[in-house]
Amino acid sequence: MNDMQKEIVEGLKRFRLEKIEPHMEHDDFEGTFRMDIFNQLGELGFTGMSVSEEYGGLNLPCQDYSYALEEIAKSSVAYAVTISVSSMVQSIIDTFGNEQQKQKYLPELTSGQAIGAFALSESGAGSDAASLKTTAKKVEGGYILNGSKLWITSGGIAKTYVVMARTGAEGSKGVSAFIVEDGTKGFEYGKKERKMGWNISPTRELLFDNCFVPEENLLQQEGMGFKVAMSGLDKGRVAIGSISVGCAQRALDEAIKYSLERQQFKQAIFNFQGLQFMMADMACDVEASRLLVQAAAKSIDDGQSNQKLASMAKMRASDTAMSVTTDAVQILGGVGYTKEYPVERFMRDAKVLQIVEGTNQIQKVVISRMLKKEYES
């Protein structure tokens, strides 16, 4: 890490240990999201890391952004994910929005006064996102939206939603992107999902019933929605990879600390070779995942975003998070399975990292496709 990255990590470490860590056990159990924590992260500049300073952001390189998400995830995967998704919404508006849209929405988002959410998935359109059914019918002065979205991160607490809806024929070319504000008539929230993990981050259904969206809230033009949706994929996958590394690193830290303190057969359990080998493998996997994430982030910073690297980073890091957190629970034994220690929470939080931003099976499809292209060229 360079000096700037070290400063970011140290600042976030102090913040998470003082402001986030003390609430995690209670808030995970109760499903409580603390907007004041998000606001404070905004005051420090960490809710608008990727956007230009003109709109209140820090304009940080992707590598710096990755280290920041990793550090936050060491205390809370949920808050790191909230920042990640909101940042993706900011990047979409910054890239595809007109000046009026940027001025209206970005300052609140970058400052942490508002949260952004991304609404693409539907009951029949998950990995096959181009098959979405939510419609946007053109009327005088705007569009009428009808349909629903599922599994929307920050649903109900977000203020600004980027929503994909069909304005044309079947397939990706018939999809358009709209900015929809919380409180818009005809836009309501459906059920709040009861999840294995990420309990602090609400996941909700979005319902659109003759919801009028003014024409000025269309991003770019009709038919650009799928391009808008896919634009942030590489960076989004790097973000999930970064969060996965933070989750895995915290679990490893807890496992090592516990094994040095826990006595069995008149010695610390760390001294048993079976556990040493487990922790050596865990440490190698975490470090390898971090290096892969940083390589993908660097390709973005260099202006040569590498889709294969981004998919590899997301897949490998999230698989590592799942395996390392599972092993951490095993090393802690019975107490690892209880809520007395945080490793069970990180194990639950790790699972969905293998699913979001494209399942790891989809990542393998992308990687294979890129390999074929390379070898056939």
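Colleague: Which residues does Asp28 touch, not counting residues up to four places away in sequence?

Modeller: Asp28 touches Asn199, Ile200, Arg345 and Arg348, where contact means heavy atoms within 4.5 Å. Please note that this is a predicted model, in which local features need pLDDT of at least 70 and side-chain atom pairs count only at pLDDT 80 or more, while totals for chains, interfaces and linings use all residues. Residues are numbered from 1 along each chain as its sequence is written, and side-chain values use heavy atoms, with hydrogens and water left out.

Colleague: With which side chain does the side chain of Asp28 make a polar contact?

Modeller: The partner is the side chain of Arg348, at 2.7 Å. A polar contact is a pair of N or O atoms within 3.5 Å; within protein, one must be able to donate a hydrogen and the other to accept it, and residues adjacent in sequence count only if both atoms are side-chain atoms.

Colleague: Where does Asp28 lie, and why does Asp28 count as buried or exposed?

Modeller: Asp28 lies in helix α2, residues 24-30. Helices (H or I, at least four residues) and strands (E, at least two) are DSSP runs, numbered from the N terminus. Asp28 counts as buried because its relative accessibility is 8%; buried means under 20% relative accessible area, exposed over 50%, and partly exposed in between, with a 1.4 Å probe and protein chains only.

Colleague: And α11, how many of its residues are buried?

Modeller: Seven of the nine residues of α11 are buried, so this helix is mostly covered. Among them are Arg345 and Arg348. The cover over the buried residues of α11 includes α2, α4 (62-73), α5, α8 and α10 (307-332).

Colleague: Which residues line the largest cavity?

Modeller: The lining includes Asp28, Asn199, Ile200 and Arg345. The elements that give two or more residues to this lining are α2, α5 and α11.

Colleague: What volume does the largest pocket have?

Modeller: The volume of the largest pocket is about 1,200 Å³. The largest pocket is lined by 42 residues, and closest to its centre are Ser121, Ile355, Val356, Glu357 and Gly358. By class, the lining has 23 nonpolar, eleven polar and eight charged residues. Here Ala, Val, Leu, Ile, Met, Phe, Trp, Tyr, Cys and Pro count as nonpolar, Asp, Glu, Lys and Arg as charged, and the others, Gly among them, as polar.

Colleague: Which element gives the most to the lining of the second largest pocket?

Modeller: That element is α5, with seven residues. The second largest pocket has a volume of about 280 Å³ and is lined by 16 residues. In this lining, six residues are nonpolar, eight polar and two charged.

Colleague: A new topic: how many disulfides does a search of the whole structure find?

Modeller: The search finds zero disulfides, a disulfide being a pair of cysteine sulfur atoms within 2.5 Å. For Cys62, the nearest cysteine sulfur, that of Cys247, is 19 Å away. For Cys284, the nearest is also that of Cys247, 18 Å away.

Colleague: Is Cys284 buried or exposed?

Modeller: Cys284 is exposed, because its relative accessible area is 52%. Cys62 counts as buried, at 1% relative accessibility.

Colleague: Lastly, where does Met164 lie?

Modeller: Met164 lies in strand β4, residues 160-166. Its relative accessible area is 0%, so Met164 is buried. Met164 and Val175 are eleven residues apart in sequence, and their C-alpha atoms are 6.5 Å apart in space.

Technical notes: 1 Å grid on protein atoms, 1.4 Å probe; cavity = no way out; pocket = protein on both sides within 12 Å on 5 of 7 lines; lining within 4 Å. Points joined across faces, edges and corners; volume = space filled by probe spheres on them.
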